[in-house]
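I set out to record, entry by entry, what I looked up in this structure.

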Amino acid sequence: MSWLRRRRGATPKAHDAGEADALLVARAREDLDAFAPIYDRYFAPVYRYCLDELRDPVAAEDAASQTFLRALSALPTYRESGRFRAWLFALAHNAGMGNRSNLPWPSAGR
């Protein structure tokens, strides 16, 4: 699973993101090694989203990892009618909600 590690220097491009995502998804469906560019493009934003939701770096990293594992396994059933980014962040939200139940409730004094 070494391809799940974050690669340095991988940044998403704002323009034509939908078309680029569609191409990346099509490639990843045929070859699982082609999932790495999707991971590179979206790991940082997904992690930041999870961190904002969970407020715990360890739980956020776990939720982000779960998001990409779920995305990889669900890729064959992804419908291209929607935006890939929105689908991925929905997976992140669901992964974060599962991790949120493990966090302690904040005390009234905080």
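How many helices and how many strands does the secondary structure of the chain come to? I noted that the model is predicted. I counted four helices and zero strands, and along the sequence I read the pattern α-α-α-α.

Entry on the whole chain. I looked up burial and found that buried residues make up 35% of the 110 residues. I then turned to contacts between residues at least 6 apart in sequence, and 65% of these join residues at least 24 apart.

Entry on α1 and α2. I took helix α1 as residues 17–30 and helix α2 as residues 36–54. Their axes come within 9 Å and cross at roughly 140°. On the α1 side I listed Ala17, Ala20, Asp21, Leu24, Val25 and Ala28, which meet Pro37, Ile38, Arg41 and Tyr42 in α2. I sorted the residues of this contact into eight nonpolar, no polar and two charged.

Entry on α2 and α3. How do the axes of α2 and α3 cross, and within what distance do they come? I found them to come within 8 Å and to cross at roughly 135°; the two helices are therefore oblique to each other. The crossing is right-handed. From α2, I recorded Ile38, Tyr39, Tyr42, Phe43, Val46, Tyr47, Cys50, Leu51 and Leu54 as meeting Pro57, Ala59, Ala60, Glu61, Ala63, Ala64, Thr67 and Phe68 of α3. The residues of this contact divide into 15 nonpolar, one polar and one charged.

Entry on α3 itself. I checked the length of this helix, residues 57–74. At 1.5 Å a residue its 18 residues should span 26 Å, and the end C-alpha atoms are 25 Å apart, which agrees. I listed its buried residues as Ala59, Ala60, Ala63, Ala64, Thr67, Phe68, Ala71, Leu72 and Ala74. For the spacing I kept a general point in mind: an α-helix has 3.6 residues a turn, so residues three or four places apart point the same way.

Entry on the loop between α2 and α3. I found Arg55 there. Is Arg55 buried or exposed? It counts as exposed, because its relative accessibility is 67%. I also recorded that phi of Arg55 is near 60°, a positive value in a residue other than glycine.

Methods
Residues numbered from 1 in each chain as written. Predicted model: local features only at pLDDT ≥ 70, side-chain atom pairs only at ≥ 80, totals over all residues. Heavy atoms only, no water. Expected span 1.5 Å × (residues − 1). Buried < 20%, exposed > 50% of the residue type's maximum accessible area, 1.4 Å probe, protein only. Axes fitted to C-alpha atoms, helices over the stretch in contact; angles between N-to-C directions. Parallel < 35°, antiparallel > 145°, perpendicular 65-115°, else oblique. Left-handed = near helix turned anticlockwise from the far one by under 90°. Contact = heavy atoms within 4.5 Å. Nonpolar A, V, L, I, M, F, W, Y, C, P; charged D, E, K, R; others polar.
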